[in-house]
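Please keep the sequence and the 3D view side by side as you read.

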Amino acid sequence: MSEYIKFSCMRVPGEINSFAGFAELNSYRAKLLDLHVLGMDSNGIGFGNLSIRDGTTSAFYVTASGTGGKPQLTLADCAKVVGCDFKTNAVRFQGDSNPSSESLTHAAIYESDPTAGAVIHCHDSRLWTALLNQAPTTSKAAEYGTPELAYQIIALFKDSDAQNRKIVVLAGHQSGIITFGKDLAEAFAILIRERSTRI
Ligand SMILES: [Zn+2]
């Protein structure tokens, strides 16, 4: 894609000492690891990420880049995204580690659905194949971590039942699924329900 704009992130002052939902994040992440829909591939590349909104603000805590293979995360493995620019594919963050390069995908959900308090992005090839164009689906041309993908997700909230189904299939990102909800329990329950009915 000649127009691809690389993800960039800028650290701003502020430490992450603790946050509401950190224990929950680790606990649901462990469930995703068990299902092998989050983790590390045979090339040592991590996949899958989770986030939790900071209260009712537009900021959110997201798992850091390259953490997929870790059994348990520390606060140093999380970043707080405090500002986003979809056009330039850039975020500002606090914390010790760079946020996931898919952070703007999470941001697109939080911006589109004010009731969303948590987002799960996982890789599930069977569910992905089963739901492709059966659930709200972004186009094949919108690759992961691109502004185009974020814009398409925002559009799906207007043009599809993404708001009610709370699941989005990423056609341009092999196996990529997003679920969301008021908290991680709901986002995870959506994933489990879809898996049990579709595969
Ligand atoms: Zn992914």
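The paragraphs below go through the metal site and then the salt bridges.

This is a predicted model, in which local features need pLDDT of at least 70 and side-chain atom pairs count only at pLDDT 80 or more, while totals for chains, interfaces and linings use all residues. Residues are numbered from 1 along each chain as its sequence is written, and side-chain values use heavy atoms, with hydrogens and water left out.

Let's begin with the zinc ion. Its ligands are Glu102 through OE, and His121, His123 and His173 through NE2, at 2.0 to 2.6 Å. Donors here are N, O and S atoms within 2.8 Å of the metal (3.2 Å for Na, K and Ca); water is not among the atoms, so sites may look incomplete. Along the sequence, the donor residues follow the spacing E-x18-H-x1-H-x49-H. Two of them link distant parts of the chain: histidine 121 sits in strand S8 (residues 118–123), and histidine 173 in the loop between strand S10 (167–170) and strand S11 (176–181), 52 residues apart. Helices (H or I, at least four residues) and strands (E, at least two) are DSSP runs, numbered from the N terminus.

How exposed or buried are these two histidines? Histidine 121 is buried at 3% relative accessibility, and histidine 173 is buried as well, at 8%. Buried means under 20% relative accessible area, exposed over 50%, and partly exposed in between (1.4 Å probe, protein chains only).

Now for the charged pairs. A salt bridge is a side-chain nitrogen of Lys or Arg within 4 Å of a carboxyl oxygen of Asp or Glu, and by this rule there are seven. One of them joins aspartate 124 and arginine 195, with an N to O distance of 2.4 Å. Aspartate 124 lies in the loop between S8 and helix H3 (125–131) and arginine 195 in helix H6 (residues 184–198), so this pair ties together parts 71 residues apart in sequence. Aspartate 124 is buried, with a relative accessible area of 6%.

Helix H6 also holds glutamate 194, whose partner arginine 165 is in helix H5 (residues 162–165), 29 residues away.

In the pair of lysine 70 and aspartate 77, the N to O distance is 2.8 Å. Here lysine 70 is partly exposed at 35%, whereas aspartate 77 is buried at 7%. Finally, look for Arg11, Glu15 and Asp96, which are joined in a network of salt bridges.
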